[in-house]
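Dear colleague,

Please find below the structure that I am handing over to you, together with its sequence. My findings follow after it.

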Amino acid sequence: MVAMIEVEMDMKIVSVANMRLHWAAKARLVKSQRQKTRNALAAVAQSFGVEVLPVTVVLTRVAPRQLDGDNLQSGFKAVRDGVADWLGVDDGSSLVDWQYCQRSGGPKVYKVEIEVIG
């Protein structure tokens, strides 16, 4: 049986590596994104259940402009951690295949779409 969960959130994914933020401001941003991701997934399904592992997680950034590949992946780090928290696994686990995508949105449109396919 294949299970699938889709979540869309209003969130601006930026390249944290290129930001010149004070460490405390960066920590607040990361914590907020991680918690928002975990809460959004929990609102749709309390738990996906480890019995469905392995899974594929597709993280899609919707924004007016594209990021290059390494900045896209680093920008999603807190979201990835939030998904892993919800799944109950380490984000480096071989049970999760992470895929990153992006597409253009309108001016000032910033969203994150998460698909968990098991």
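Which residue lies over the face of tyrosine 110? Lysine 12 does, at 4.6 Å from the ring centre; a charge is taken to sit over a ring if NZ of Lys or CZ of Arg is within 6 Å of the ring centre and within 35 degrees of the ring normal.

Some notes on the basis of these findings come first. This is a predicted model, in which local features need pLDDT of at least 70 and side-chain atom pairs count only at pLDDT 80 or more, while totals for chains, interfaces and linings use all residues. Residues are numbered from 1 along each chain as its sequence is written, and side-chain values use heavy atoms, with hydrogens and water left out.

Methionine 11

Methionine 11 is placed in the loop between β1 (4–9) and α1 (23–44); helices (H or I, at least four residues) and strands (E, at least two) are DSSP runs, numbered from the N terminus. With a relative accessible area of 7%, methionine 11 is buried (buried means under 20% relative accessible area, exposed over 50%, and partly exposed in between, with a 1.4 Å probe and protein chains only). Neighbours within four places in sequence aside, methionine 11 is in contact (heavy atoms within 4.5 Å) with Gln33, Lys36, Thr37, Val79, Tyr110, Lys111 and Val112. Between methionine 11 and alanine 24 there are 13 residues of sequence separation and 19 Å in space, C-alpha to C-alpha.

Salt bridges

The count of salt bridges comes to 8, a salt bridge being a side-chain nitrogen of Lys or Arg within 4 Å of a carboxyl oxygen of Asp or Glu. One of them joins the side chains of lysine 111 and glutamate 8 at 3.1 Å, N to O. Because lysine 111 lies in strand β4 (residues 111–117) and glutamate 8 in strand β1, this pair ties together parts that are 103 residues apart in sequence. Lysine 111 itself counts as partly exposed, at 25% relative accessibility.

Arginine 34 takes part in two of the bridges described here. Its salt bridge with aspartate 81 has an N to O distance of 3.8 Å. Aspartate 81 is in helix α3 and arginine 34 in helix α1, so the pair ties together parts that are 47 residues apart in sequence. In the salt bridge of arginine 34 with aspartate 85, the closest N and O atoms are 2.7 Å apart. That pair also links distant parts of the chain, with aspartate 85 in helix α3 and arginine 34 in helix α1, 51 residues apart. Salt bridges that share partners join Arg34, Arg38, Lys77, Arg80, Asp81, Asp85 and Asp91 into one network. Within this group, aspartate 81 is buried at a relative accessible area of 12%, whereas aspartate 85 is partly exposed at 29% and arginine 34 is partly exposed at 31%.

Aspartate 91 is found in the loop between α3 and β3 and is buried, with a relative accessible area of 15%. A polar contact of 2.6 Å joins its side chain to that of lysine 77; the term denotes a pair of N or O atoms within 3.5 Å, where within protein one must be able to donate a hydrogen and the other to accept it, and residues adjacent in sequence count only if both atoms are side-chain atoms. Not counting residues up to four places away in sequence, aspartate 91 touches Lys77, Arg80, Asp81, Ala84 and Trp98.

Just after α3, glycine 88 takes a positive phi of about 80 degrees.

The largest nonpolar core has 26 residues, of which Val57, Leu87, Ile114 and Val116 touch the most other members. Such a core is a set of buried Ala, Val, Leu, Ile, Met, Phe, Trp, Tyr and Cys residues joined through side-chain atoms within 4.5 Å. Two or more residues each come from β1, α1, β2 (55–63), α3, β3 and β4, and α3 gives the largest share, 5 residues. Leaving out residues up to four places away in sequence, valine 57 touches residues including Val83, Leu87, Trp98, Ile114 and Val116.

Yours sincerely
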